[in-house]
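User: Could you walk me through this model, one question at a time? I would like the cut-offs spelled out along the way.

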Amino acid sequence: MLNWQHCIALLCMVSACLKPALTIKASFERFEQYFGHEYIDLDLRVRKYNRTEMTLNGTIYVNQAIDETILVSSSICARTNMMAIIFLLNQFSTDVFHSRLGNQQFQHYPLHLPTGDICEFIKHVHEEYALAIVDIVNIPQISECPVTMRAMYVQDKTFPTVILPDSLANGLWKMVITGAINETIVIRYMISIRLNDDFFGI
């Protein structure tokens, strides 16, 4: 017959085994580009893949070669070189919002990616969030700058939960990414994900 010490030890062992089974599940909720299609057209949409998964699908069109080094006095920096127009997108910034109840009532959250030009932005994503972009076809390489005109393809991409900080709470999360030229905002898009507890991977 088990005494109380054995019961406590058994409960501790069971708890230790169950803890890894409780994880956070993340799924895409929505994607929207507000403006800036003439620079980068993010033709992406979220669709239901199966009973439990939402995936991101579509094509990202870089419509004009983009660099971080060209600087002229006009507010939109451009030059023509062999029929290619290169634009200086010299600041990409992010804002994160959280809706605890998932009802679109968002509060600004003190979390963001480092602000920088597009080449720094792509380099940071490669270094810190490689799993988020590994299966995007034709994405610029880590040292590729300027970013040349191209089409990138996203097919049935599930959200890589492993890249999320452990501190994130359940609910609806929204990240707004903004690109500026000489402090003039020229591109903005939004992606939202939903987090909830995932028991035993169900």
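**Fold, core and local geometry**

User: In the protein chain, what share of the contacts with a separation of 6 or more comes from residues 24 or more positions apart?

Analyst: This is a predicted model, where local features need pLDDT of at least 70 and side-chain atom pairs count only at pLDDT 80 or more, while totals for chains, interfaces and linings use all residues. Residues are numbered from 1 along each chain as its sequence is written, and side-chain values use heavy atoms, with hydrogens and water left out. Contact means heavy atoms within 4.5 Å. Among contacts with a separation of 6 or more, the share from residues 24 or more positions apart is 60%.

User: Which residues have the most contacts inside the largest nonpolar core?

Analyst: Such a core is a set of buried Ala, Val, Leu, Ile, Met, Phe, Trp, Tyr and Cys residues joined through side-chain atoms within 4.5 Å. Buried means under 20% relative accessible area, exposed over 50%, and partly exposed in between, using a 1.4 Å probe and protein chains only. In soluble globular proteins, nonpolar side chains tend to be buried together. Here the largest core has 37 residues, and those with the most contacts inside it are I40, L42 and I193.

User: Is F35 buried or partly exposed?

Analyst: F35 sits in strand β1, residues 22–35. Its relative accessibility is 33%, so F35 counts as partly exposed.

User: What is the phi of N138?

Analyst: N138 belongs to the loop between α3 and β9, and with a relative accessible area of 40% it is partly exposed. N138 is not a glycine, yet its phi is positive, at about 75°.

User: How far apart are the C-alpha atoms of Y153 and N138?

Analyst: Y153 lies in strand β9, residues 150–157, and is partly exposed at 45% relative accessibility. Y153 and N138 are 15 residues apart along the chain, and their C-alpha atoms are separated by 7.0 Å.

Key: Helices (H or I, at least four residues) and strands (E, at least two) are DSSP runs, numbered from the N terminus.
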